[in-house]
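Hi,

Here is the structure I promised to pass on. Please have a look at it, then read my notes below.

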Amino acid sequence: MDELRIAKEDFSEFLNGLKDSYRLYGPVRQGDMVNFLPIQDAAELDLSFRNTTLSPKSLFLPQSERLFEYSLAMDKDNAHILKEAPRDSSPCVVIGIRPCDARALELVDVNFDTDKFRDPWWVKAREATTLVGLGCTSPCSTCFCTSVGGAPFDEAGLDVLLTDAGEVFLAKVLTKKGENLLKTEKAFETAEEALVDRATTIQQEAAAKIVSRVDTSRLAELDTLTLFEADFWEGLHFACISCGVCTYLCPTCWCFDIQDETHGSAGSRIRNWDSCMFPLFTLHASGHNPRGEKIQRVRQRFMHKLKYYVDKYKNGVACVGCGRCVQHCPVNIDIRQVFQLMNEYKS
């Protein structure tokens with residue numbers, strides 16, 4: 001694939017030139033947070049962030065998404081008939097997505113885009129979007145991507161990977177989408193060998209800065225029922241307050257609920273994020289709740305990510321090591337410690 005260079009002073013002009021053909025999203029500062037938002041001008045971007053508070057999964061699985069609309073008015077031709085809600089599926093570019101977040105989208109694909117079932121909203125959003133990644137040169141102390149299959153400059157899931165090399169960006173074109181995005185832009189030039197070598201050094205130095213490690217080597221071989229009944233869940237769940245922040249921040253969590261909301265005679269069928277950490281998540285219509293106790297929900301979250309996913313998909317753990325849940329858990333539950341408890345467990 002091509003490796004191109006663009007001067008930073010030309011990068012904003014390049015992005016603004018895309019607006020006629022693409023919807024643009026990128027990291028934008030909001031007070032103390034940086035999150036992925038629609039941008040109208042490249043000046044709104046903040047590419048100095050270390051990690052966004054919310055992952056960009058909401059661009060593909062919005063926190064609240066209107067799927068269908070319907071009418072209850074019997075004088076309407078479409079009364080009581082579900083009609084897909086209008087949506088914008090025009091080409092889109094996400095600028096500055098971190099490699100861990102791009103890799104997370106591939107892990108979530110196994111739920112929404114399979115040989116048997118394809119979620120049309122997820123699939124359309126993925127197909128319409130070109131991902132321009134920005135490698136991490138200053139990983140957070142809570143990052144552990146290198147332990148779970150990733151790296152600060154991992155290319156998985158990206159169409160273009162940018163390396164910040166000081167006055168210029170090195171842009172590595174990884175897919176046809178990425179090639180189409182850059183092919184008409186004259187500001188990009190073929191990168192000289194010295195720049196490619198410098199970028200390699202930057203990437204190696206970034207990987208060396210990842211100080212957190214987790215061991216996943218035994219997770220696949222451990223007996224599922226033995227882990228399920230392990231005694232450490234009793235102590236682990238005690239501090240949890242069931243706030244669900246870990247699941248809302250996690251780029252690989254995909255739990256949702258679907259509700260019909262009616263106002264007068266007009267209604268919408270809406271998909272909302274849900275969380276396996278909430279007491280009502282598994283409440284049956286009969287009144288029975290198989291995970292009514294907090295210990296059952298905490299166990300479910302970690303067993304899903306670190307054991308059930310491993311066994312079902314043979315694709316590693318359902319965690320990309322972004323560290324958001326470690327940073328923001330109000331009671332300091334640390335998934336790295338759970339990795340250790342599960343991986344080292346001996347009955």
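Helix H1 (residues 8-18) gives the most to the lining of the second largest pocket: 4 residues. This is a predicted model. The second largest pocket has a volume of about 310 Å³. Its lining has 18 residues, and Leu47, Ser48, Leu134, Asp164 and Phe169 are the closest to its centre. By class, that lining splits into 9 nonpolar, 5 polar and 4 charged residues.

Now the largest pocket. Its volume is about 360 Å³. It is lined by 20 residues, with Arg23, Tyr25, Leu59, Asp88 and Ala125 closest to the centre. Strand S2 (23-30), strand S3 (33-38), strand S6 (92-97) and helix H3 (120-128) each give two or more residues to this lining. H3 has the largest share, 4 residues. The classes are 12 nonpolar, 3 polar and 5 charged.

Of its 16 lining residues, Cys240, Cys246, Arg301, Cys329 and Ile333 are the closest to its centre. Helix H9 (residues 294-313) supplies the largest share of that lining, 3 residues. The lining counts 13 nonpolar, 2 polar and 1 charged residue.

The second largest cavity holds about 110 Å³. It also has 16 lining residues, and those closest to its centre are Cys250, Pro251, Cys319, Cys322 and Cys325. Helix H8 (245-249), H9 and helix H10 (324-328) each supply at least two residues of this lining. Its classes are 10 nonpolar, 3 polar and 3 charged.

Best wishes

Key. Residues are numbered from 1 along each chain as its sequence is written. This is a predicted model: local features need pLDDT of at least 70, side-chain atom pairs count only at pLDDT 80 or more; totals for chains, interfaces and linings use all residues. Side-chain values use heavy atoms; hydrogens and water are left out. On a 1 Å grid over the protein atoms alone, a cavity is a set of points where a 1.4 Å probe fits but cannot get out, and a pocket is an open set with protein on both sides within 12 Å along at least five of seven lines; lining residues have an atom within 4 Å of a point. Ala, Val, Leu, Ile, Met, Phe, Trp, Tyr, Cys and Pro count as nonpolar, Asp, Glu, Lys and Arg as charged, and the others, Gly among them, as polar. Grid points are joined across faces, edges and corners, and a volume is the space filled by probe spheres set on the points.
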